[in-house]
Amino acid sequence: METANKTWVTEFELVGFQDLQDFHALLFASLLLIYSLILLGNAIILSLIQTSPRFQVPMYHFIAMLAALEMCYTTVTIPKMLVDLRRRQNRISFGGCLVQIYFFHALGITEACLLTVMAYDRYLAICTPLTYPATMTTKLCLRLVLGCCLCGFACPLPEIILISKLPFCGPSRIKHIFCDFPPLFHLPCADMSGIIVTDFVIHSSVILGPVFLIALSYVKILTVVAKIRSPEGRKKAFSTCASHLIVVFAFFGTTGFMYVRLTQSRSLQYERVIAMIYAVLTPLFNPVVYSLRNKEIQEEIRRITKFPSLSLRTVMGLR
């Protein structure tokens, strides 16, 4: 009888930026600009790699895949945030919430796996240069990318299935800017300790596992680079890794703070800032890093646009 008298939640209200009403116009304009730049920057990189013969090598195939992932990854959350900033009722259906969580995490885990594969690719290229072309073939590249996708889209399924079977009888307010696992764990009228532990194990595995493998790859790379006598040779060998390392630190640093934890009690402001960094700013940062720190991409952009040389120094106005 008690269960029958309960009203089950069929939609959620996202708190989002409701406490920042005076800044909604500024937030909307900023988010729209950032989203446009993310799409444009990654589309340019994707187009350059697909159309230029000089980029038909494994490293650039992986960068193209990363660019495509970033476009999809941001499309899962930012358009909904833009819509919510333009209206007062920030509602999302129960099914829509689970779909958003699933694709957000599936694409995020796929990116984590891809960054690991890219570290492995750099390890093979630097540590075994003579056998690299025969080892990292187009067929192997496709298999590695497919493996990343399968892992990414399979890992969130257990949690999604578990949450879909939970009773949600109120409250219905999600204290976050989009649907995600941690804020959703506060809402079911059931014991969540088991699911929170499951969430911790899954996210620890998909974050710390890749971090360990990437670190292992770079330890071996550093060992080989340290043996190169020429300073120019060492710089050239490690220059191909710099962009990847910057992206790795930005991606895993923020996601680790958000998901590798057992306690779920953090303020809305903290959750919102961290979420904006890894869901909005990091995807904006990636195409900038790969375009401004990659000489071949710079040269291709100059060849097409006839612009002068691009670099981090010229963009920042440093001499």
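Predicted model: local features only at pLDDT ≥ 70, side-chain atom pairs only at ≥ 80, totals over all residues.
Residues are numbered from 1 along each chain as its sequence is written, and side-chain values use heavy atoms, with hydrogens and water left out.

Helix 5 (residues 94–127) and helix 7 (residues 138–154) have axes that come within 7 Å and cross at roughly 145°; helices are DSSP runs of H or I with at least four residues, strands are runs of E with at least two, and both are numbered from the N terminus. The axes are lines fitted to C-alpha atoms, for helices over the stretch in contact, with angles from 0 to 180 degrees between N-to-C directions.

The structure holds 2 disulfides, a disulfide being a pair of cysteine sulfur atoms within 2.5 Å. One joins Cys-97 to Cys-179, S to S 2.2 Å, and because the torsion about this S-S bond is about -120°, the disulfide is left-handed. Cys-97 lies in helix 5 and Cys-179 in the loop between strand 3 (173–174) and helix 9 (181–184), so the pair ties together parts that are 82 residues apart in sequence. Both Cys-97 and Cys-179 are buried (under 20% relative accessible area, with exposed over 50% and partly exposed in between, for a 1.4 Å probe and protein chains only).

Cys-169 and Cys-189 form a disulfide with sulfur atoms 1.9 Å apart. Cys-169 counts as partly exposed at 24% relative accessibility, and Cys-189 counts as partly exposed at 29%.
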